[in-house]
Amino acid sequence: MSDLPKANQLYHTIEHRTPATDWMDTPTVIRKGIYCYAANPKSLEALSAPNPREWNPVEEDWKLPDNWQEIIHKGFKERLEKFRSFKVFMDICVRCGACADKCHYFIGTGDPKNMPVLRAELLRSVYRNDFTMAGKIMGRVAGARPMTLEVLKEWWSYLFQCSECRRCSVFCPYGIDTAEITIMGRELLNLLGLNIDWIATPVANCYRTGNHLGIQPHAFKDMLDFFVDDIEEITGVRMAPNFNKKGADILFITPSGDVFADPGTYTAMGYLILFHYLKEKYGLEVTWSTYASEGGNFGFFTSHETMKRLNSKMYAEAKRLGVKWILGGECGHMWRVIHQYMDTMNGPADFLEEPVNPITGTRFENAKSTKMVHITEFTADLIKHNKLELDPGRNDNVVLTFHDSCNPARGMGLLEEPRYVIRNTCRHFYEMPANTIRENTFCCGSGSGLNAGEDMELRLTGGLPRANAVKYVHEKHGVNMLGCVCAIDRAVFPDLMRYWVPGVDVTGVHELVGNALILPGEKERTTNLRGEDLPGMEDEADE
Amino acid sequence: MRLEQLLNEHTEQIVTKWFNALAGTYPLNTAQFLKSIPDTFANPVGNIARQSLRALFAELLAANDHKSLTASLDPLIRVRAVQTMFTPSQATAFVLELKPIVRQCIAETSLSPEVTADLKAFETRVDELLLLAFDVFVNCRETVYQIKASQEKSRFYRAFARAGLVREDPDADPDSASS
């Protein structure tokens, strides 16, 4: 008789229930598909960041300095003293649980340590142990625990499973911003050289050449020139964008993803078409910069100092070129940095004017201090004053829904402007359910430097709540396009849709503008910016 | 009375128990969340699971074909295939949980020979469902690997293109760039 076990015996050996242990007793497993690769030491060296060395998160030895606990303790103390909000957020949480089920990573992965309250507890437990009387005396009874290597690894794992999207903060009755706790936690990890490569290398590139990909000025210009050729083929209009033009009215800065990665490239073509139109019709001079060639700022995911260093080029370039104010493209975290930090970090930009749209006379009050205006606000203002001639019929193949990108929506309240532009450039627009849009928007699942290839399972599970809402409007209204105003969204949504909602493509808002805008002297267009036949033009395009 | 009629009366009870068994494969806090939030958009995993299990149970009773069973399995397995806390066997084992639930449900009923035969056939269909779950799971994992592979290909393609090492071809697609 065979020694092989019977099927039911085998079945009973499968343990498919996870242990019901207390979170402090549940060991952290750094799993494939969830973690990102460690920072390349060369990138840390380029930034003079601490402890550059080769290391691997799944190996036992993380090659930490001998006094790493002291470094964390001192770093923690320094930040508690420096940032009042951090101290308050450590103290006031009553663990009511309002945030617990609001995180897309918790909803998608099912891992309780991704509940924002628990992710914050990872730091709070050490805070109590090191800095509170109750924690020092009562230890674990008071929710305190000492900083050990296991705790450090747990921090690293879960602080890089937070996209700093701030959805949890919308629901916190105390207004605790868990993203800020993640920001501080990542700063502390960076003191030990524990960054991920998807953040550290773009930061190093950006510091060196001005953009995440390390593209040099001539290549940046070449890419935009390619778009100029493509636009001429589609519209018959040759345009000559300004580069580094001194004395231009406005400096335009956008994430480099728009210049180098589809489908963001079509959004970049939309910007070019808009700027050409404004130059021809109203004489407005907008210039691109090959130095400030990156709106994104992965320094924001590293430390305040790094964020400041990378951001400084925006004002420096505006000053060098002598423009009146700055216009910013469709980006996510770039806007949180601009709106909430730039003015105090690198301002005041008293050499710039308070932004006024020279074509409409509109004063952009909310940008009075930063001197930087969001392009959808600018375009919405132009449309409102009938300054753009638009043919929304050229987007009739698009059945659109709109994803509010986390940082513009929650970080600066940009909710209506993109929708106003969309409604004027696209005739088939359907909103996703109310608890998944506007300030309640669900993250793409890949923000804050987590848009690497190796953590795809984390990205797909984190993006599930967003994809689930897209699937609903796809099935109900036939939505075939997901609009957004963020370069990371545009880079990651195609993969997310491929897995969860095949049949839905991704676009930036200014791609719609580029298609709809009627340029002076243009030929009859037969295709959109992607080279796809326009509605009713299928026969003409074939000829 | 045949098995289908017997079980039809208990559909809600069986689907709820099956769902609870599935929720039990998650950590305690997660299981509570999956069970308690009815909103489809706030709790997508819980709602996808409920819908899938309800549809699967109806299809098993009706002895539907593999195509419709696969269609109902897909949304749920698609979720569990990327939840890395599960091994492949853990991700799909919930299918087998239905057998003891059904047996428990009819435990106090004296079974006629027809019902016993029906039960055997039903349990065979559950076994087949497990095999289908394996197919769907592998299909989902392959999609993940394809996504990862396309990303890598496209990264190298762009790098080569920037270095001027790619032949000019307006129709070139990184995904199809094999040379």
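What pattern does chain B follow, read along the sequence? Chain B follows α-α-α-α-α-α-α-α.

The model is predicted: local features need pLDDT of at least 70 and side-chain atom pairs count only at pLDDT 80 or more, while totals for chains, interfaces and linings use all residues. Residues are numbered from 1 along each chain as its sequence is written, chains are lettered from A, and ligands are numbered from 1, in the order in which they are written.

**View 1. Helices of chain B.** Chain B has eight helices and zero strands; helices (H or I, at least four residues) and strands (E, at least two) are DSSP runs numbered from the N terminus. Of its 179 residues, 32% count as buried, that is, 20 or more other C-beta atoms lie within 10 Å of the residue's own C-beta atom, with 12 or fewer for exposed, partly exposed in between, and C-beta atoms placed from the backbone. Among contacts in chain B between residues at least 6 apart in sequence, 71% join residues at least 24 apart. Two residues are in contact if their C-beta atoms, placed from the backbone, lie within 7 Å.

**View 2. Contact of chain A with chain B.** The contact takes 32 residues from chain A and 32 residues from chain B. On the chain A side, two or more residues each come from helices H5 (104-109), H20 (456-462), H21 (464-477) and H22 (487-500) of chain A. This side of chain A has 15 nonpolar, 10 polar and seven charged residues. Nonpolar covers Ala, Val, Leu, Ile, Met, Phe, Trp, Tyr, Cys and Pro; charged covers Asp, Glu, Lys and Arg; the others, Gly among them, are polar.

**View 3. Helix H16 of chain A.** H16(A), residues 333-346, spans only 17 Å between its end C-alpha atoms, whereas a straight helix of 14 residues would span 20 Å at 1.5 Å a residue; the expected span is 1.5 Å times one less than the number of residues. A kink of about 50° is centred on A:Gln340, the bend being the angle between axes fitted to the seven residues ending there and the seven starting there. Buried residues of H16(A) include A:Trp335, A:Ile338 and A:Met342. Their cover includes helix H15 (304-321) and strand S4 (325-328) of chain A.

**View 4. Domains of chain A.** The assignment, automatic or from a database, gives domain 1 (22-195) and domain 2 (201-542) of chain A. Their centres, taken over C-alpha atoms, are 32 Å apart. The contact takes 27 residues from domain 1 and 31 residues from domain 2. H5(A) gives the most to the domain 1 side, with five residues.
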